[in-house]
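Biologist: Please take me through the strands of this chain and how they pair.

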Amino acid sequence: MLTATEMRFCATCQRDTNHIVVLVDKSYGKQVKPEQRRKEFFKDFVTGWAAGPFLANMDRFARHSICENCGTKVIDE
Ligand SMILES: [Zn+2]
């Protein structure tokens, strides 16, 4: 699991606050057959080539942002 902090707008606080950002792998815990894994890899490769690594990662991870001020969690998928 990857974590970071960033400033972003909190709808509850109505201002920019520091947020803990956790990237949660959507495929975590799922059983993947080797054949599917190869296909996924190829898809990721093509996606990464077309849209850049950042967007490819966005597709794979859900971003959980937790406001340090009020504890509100926002999930970007
Ligand atoms: Zn907040």
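Modeller: Residues are numbered from 1 along each chain as its sequence is written. This is a predicted model, where local features need pLDDT of at least 70, side-chain atom pairs count only at pLDDT 80 or more, and totals for chains, interfaces and linings use all residues.

Biologist: In what order do the four strands form the open sheet?

Modeller: Strands are DSSP runs (E, at least two residues), numbered from the N terminus. Two strands pair if DSSP finds at least two bridges between them. Nine bridges join β1 to β2, seven join β2 to β3 and four join β3 to β4. The pairing is antiparallel and the order is β1-β2-β3-β4.

Biologist: Which strands stand at the edges of the sheet?

Modeller: An edge strand here has a single partner strand, so one side of it is left without a neighbour in the sheet. This applies to β1 and β4 (73-76).

Biologist: Which residue in β4 is the bridge partner of Ile66?

Modeller: Strand β3 covers residues 61-67 and pairs with β4 in the antiparallel sense. The bridge partner of Ile66 in β4 is Lys73.

Biologist: Is Gln14 buried or exposed?

Modeller: Gln14 lies in the loop between β1 (2-10) and β2 (15-25), and has a positive phi of about 60° although it is not a glycine. A residue is buried if 20 or more other C-beta atoms, placed from the backbone, lie within 10 Å of its own, exposed if 12 or fewer, and partly exposed in between. Because Gln14 has 8 C-beta neighbours inside 10 Å, this residue counts as exposed.
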